[in-house]
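Here is a set of questions and answers for someone meeting this protein for the first time. Read each answer with the structure in view.

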Amino acid sequence: MLLGTDDRAAPMNGRETGRRGFLTFAAATLTALAVPALVPAAPALAAPLAGGVRRLSLHNVNTDERFSGVYWADGAYRPDALKKLDVLLRDHRAKQVGHFDPRLFDVLARLHRTLDSDEPFRVICGYRSRRTNAMARRRSRGVAKESYHTRGMAIDVMLPDVELKAIASAARGLEAGGVGFYPRSGFVHIDTGPVRTW
């Protein structure tokens, strides 16, 4: 399996390692630490999920791979589980793995509990490379050029034991990001971008 590259982790060259590089790094670190305190969490994400662990059950319909287990415990996300989820949700066409926003998993866990489903989420689409996204845009007008799928912040799902309309309605009620209802295509789009619906 070919793993994708992470553009955010570009190697430093010799010119950036001096005082200016250090100051840039320090400013970015301080900003990253301060921003979460300044931006209020969305209502659904502000309240913690009940219990000391967070579980998720997913079935990727494109690869027939599954994940069912704990992804958060003892007050922290579990890196081993996040890696498995990243691989499960990879772009199977381009054979690239993206890094997912773990808040998306929190939204899915809360949604699954709200819907009281016994089935794993069926994943129609997870991560999409820019190349795959461009191909999808040529096939459908409904694909955004700067899709949250390309950032690891979106997923298209369905549950076999719950109507799509109920999934979309419950997801909108969480007010945790974008929710798109696609009844003809048989899925609901969920992302951790700004709260909006379509």
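Q: Which residues does L111 touch, not counting residues up to four places away in sequence?
A: The model is predicted, so local features need pLDDT of at least 70 and side-chain atom pairs pLDDT 80 or more, while totals for chains, interfaces and linings use all residues. Residues are numbered from 1 along each chain as its sequence is written, and side-chain values use heavy atoms, with hydrogens and water left out. A contact means heavy atoms within 4.5 Å. With residues up to four places away in sequence set aside, L111 touches F121, I167, A170, A171, L174 and I190.

Q: How many helices and strands are there in the protein?
A: Helices (H or I, at least four residues) and strands (E, at least two) are DSSP runs, numbered from the N terminus. Along the sequence the pattern is α-α-β-β-β-α-α-β-α-β-α-β-β-β. The protein has six helices and eight strands.

Q: What percentage of the 198 residues count as buried?
A: A residue is buried under 20% relative accessible area, exposed over 50%, and partly exposed in between (1.4 Å probe, protein chains only). Of the 198 residues of the protein, the buried ones make up 40%.

Q: Why do the buried residues of α6 line one face of the helix, and within what arc do they fall?
A: In helix α6 (residues 164-174), the buried residues are L164, I167, A168, A170, A171 and L174. Seen down the axis of α6, they fall within one arc, so they line one face of the helix; the arc is that of the directions from the helix axis to the C-beta atoms. An α-helix has 3.6 residues a turn, so residues three or four places apart point the same way. The arc for α6 is 165 degrees.

Q: Which residues are exposed on the other side of α6?
A: The buried residues of α6 include I167 and A171. On the other side of this helix, the exposed residues are K165 and G173.

Q: Which residue forms a salt bridge with D191?
A: A salt bridge is a side-chain nitrogen of Lys or Arg within 4 Å of a carboxyl oxygen of Asp or Glu, and by this rule the count is seven. D191 is buried, at 1% relative accessible area. The closest N and O atoms are 2.8 Å apart, and the partner of D191 is R196.

Q: How many residues apart in sequence are the parts that E146 and R130 tie together?
A: E146 forms a salt bridge with R130, with the closest N and O atoms 3.5 Å apart. E146 is partly exposed, at 41% relative accessible area, whereas R130 is exposed, at 51%. E146 lies in the loop between α5 (130-139) and β5 and R130 in helix α5, so the pair ties together parts whose separation in sequence is 16 residues.
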